[in-house]
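This report covers the helix packing, domain layout and selected residues of one model. The sequence and structure come first, and the description follows.

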Amino acid sequence: MGKSRVKRAAIYIGAIAVVLFTLAPYILTIFTSLQREVDLTSRPPFPFKSVTFTLDSYTYILSYEPFSTGFLHSAIVAVMTTAFVLLAGSLGAYAIARIRFPGRNLLFNIIVIVYMLPSLAMLIPIVVSLKILGILDTFIGMMFAHSIILLPLMTWFLIGIFASVPGDIDEACRIDGYSRFKSLFKMVIPLTKLGFLMILVFSFINSWNDLMFANTVGLVKIKLLQPRILEFMSGARVLYTQMAAAGILSSLPVVALALVLQKQIIKGIMRGAVK
Amino acid sequence: MGVPLGLGIALLLNEEFRGRSFARACLLIPWSTPPIVAALIFFIGFNPSFGPFTYALERLGIFPHQFRIFGNPDLALFGLAVVSLWKSAPLFAFIFLSALQNLPIEAVESSKVYGASSFMVFRKVTLPFLKPTLAVNCILSGILALSGTQAFDIIVGITGGGPGYHTYMLYYLGYMTAFPWDNLGYGATISYIVTIIAVVFAMVLLRLWYKRV
């Protein structure tokens, strides 16, 4: 019995270490954002002395125009990208998982290889071709840029997810007179809700978090949120509390999304939706 | 670096204990935080004069007074690695956890019946079982480091390639050459070099993938 007690204690200590490792940096930043600049920049730092908390930096950030525009634009692009990836990805994945056609394996391998390509290699061609098409610096262009990066991986996941549904179910639907589309949207997707939700969350988070494309595809008209954070960090005079507040606010949608859907996400990951 | 840490976290969170789901939920925070915000968090935390991390490490006698980790040519890369560790270890932990779910319990039980210590069980049963996942994770971390935008975001945010050119990684160099310096052709060349390396990694990964299924 003694030994298992020691083991329990070790597990708890380890668990506390993990929680600290993941949470402490984030929580410290929340505290930073709540301090006054004077308190923050004097030594010793916060956890080692008492300070007065204020919401000043949040009121500043919320009324700071580039930030709110960025927030809005990021939200629009992330929603558009997610919708497009889900639609195109599920159609493509359904075709590869269910319909036998020549070149199916080749297509699958191409999808995997494209996913492996570094996004830097895609960046220059994407920017050049969006420019030729005349949709550089538009919402559509930004959506395409994000979708090009996300689609291969998401289609790959969706193929695995759809393949887990027995083919007989489709057969039955087809016999009952459903079209392919109808059997995909009425049967297969509802059956794989969990995996589908994972793809949704993944696409949204990745699109929201992107910096590189936001900086190159969006120039004047489309200003996404993450580049604004970068501007805060590399400005001539760095305002730490406001920077921290901006960081917290800009990560809020995705972190909140992850935490609200934590049960589904963890269950989805555990089922091997992400391999 | 992220891989062993992820494995450790996964082994720990695979045990039954109260608050396990809370600890698992905590892992989602670094995973979902935008990389640039992760950069920001550590940019403040390791600020030489008032960063809480720097101060704590100073107190513990690890850092000299007002140490600049990101301004030090030898240690800047190490500092960036810490940030990327925080961001990526949870992902690896999740991948290991999902593999551990399928660990045959009978094998563990029976080896315990034969008197194997937990360490022996780990070495002889768990580790061989995890080997394919381990390999996939290693390659994945290689891809992330080489071609993920995550490393890029962190560099841009914290050091901007500095001090001097000490943290100019291939990827960042390619981006800088192509865009702010307006040398699209040269940037494209660098991106092809990165691509070739990535394709080699990708082929190894594909090989492993097909072996596993």
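Helix 4 (residues 65–98) of chain A and helix 7 (residues 139–163) of chain A have axes that come within 7 Å and cross at roughly 40 degrees. Axes here are lines fitted to C-alpha atoms, for helices over the stretch in contact, with angles from 0 to 180 degrees between N-to-C directions. Helix 4 of chain A and helix 7 of chain A are therefore oblique to each other; angles under 35 degrees count as roughly parallel, over 145 as roughly antiparallel, 65 to 115 as roughly perpendicular, and the rest as oblique. The crossing of helix 4 of chain A past helix 7 of chain A is right-handed, a term used if the near helix is turned clockwise from the far one by less than a right angle, left-handed being the anticlockwise case. The residues of this contact comprise 20 nonpolar, seven polar and no charged. For these classes, Ala, Val, Leu, Ile, Met, Phe, Trp, Tyr, Cys and Pro count as nonpolar, Asp, Glu, Lys and Arg as charged, and the others, Gly among them, as polar.

The model is predicted: local features need pLDDT of at least 70 and side-chain atom pairs count only at pLDDT 80 or more, while totals for chains, interfaces and linings use all residues. Residues are numbered from 1 along each chain as its sequence is written, and chains are lettered from A and ligands numbered from 1 in the order in which they are written.

**Chains**

Chain A has 14 helices and zero strands, and chain B has ten helices and zero strands. Helices (H or I, at least four residues) and strands (E, at least two) are DSSP runs, numbered from the N terminus. Of the 275 residues in chain A, 40% are buried; in chain B, 42% of the 213 residues are buried. A residue is buried if 20 or more other C-beta atoms lie within 10 Å of its own, exposed if 12 or fewer, and partly exposed in between, with C-beta atoms placed from the backbone.

Contacts between residues at least 6 apart in sequence can be split by separation. In chain A, 78% of them join residues at least 24 apart, and in chain B the share is 64%. Two residues are in contact if their C-beta atoms, placed from the backbone, lie within 7 Å.

**Domains of chain A**

Chain A is assigned domain 1 (2–48) and domain 2 (57–270), with bounds that come from an automatic or database domain assignment. The centres of domain 1 of chain A and domain 2 of chain A, taken over C-alpha atoms, are 32 Å apart. Eight residues from domain 1 of chain A and eight residues from domain 2 of chain A form the contact. On the side of domain 1 of chain A that touches domain 2 of chain A, helix 1 (2–34) and helix 2 (37–40) of chain A each supply at least two residues. Helix 1 of chain A gives the largest share of that side, four residues. By class, that side has two nonpolar, four polar and two charged residues.

**Two further helix pairs**

| Helix pair | Angle | Axis separation |
|---|---|---|
| Helix 8 (residues 167–175) and helix 9 (residues 180–191) of chain A | about 135 degrees | 10 Å |
| Helix 3 (residues 35–45) and helix 5 (residues 76–100) of chain B | about 130 degrees | 10 Å |

Helix 8 of chain A is thus oblique to helix 9 of chain A, and their crossing is right-handed. A:Ile169, A:Asp170, A:Cys173 and A:Arg174 of helix 8 of chain A meet A:Ser183, A:Met187 and A:Val188 of helix 9 of chain A. These contact residues are four nonpolar, one polar and two charged.

Helix 3 of chain B and helix 5 of chain B are likewise oblique to each other, with a right-handed crossing. B:Pro35, B:Ala38, B:Ala39 and B:Phe42 of helix 3 of chain B are in contact with B:Val83, B:Trp86 and B:Lys87 of helix 5 of chain B. The contact has six nonpolar, no polar and one charged residues.

**Two glycines**

A:Gly247 is in helix 13 (residues 240–260) of chain A and counts as buried because 30 C-beta neighbours lie inside 10 Å. Leaving aside residues up to four places away in sequence, A:Gly247 touches A:Thr29, A:Ile229, B:Val37, B:Leu40 and B:Ile41. A:Gly247 and A:Ile229 are 18 residues apart in sequence, with 6.6 Å between their C-alpha atoms.

A:Gly167 lies in helix 8 of chain A and is exposed, with 11 other C-beta atoms within 10 Å. Its C-alpha atom is separated by 9.4 Å from that of A:Ala97, 70 residues apart along the chain.
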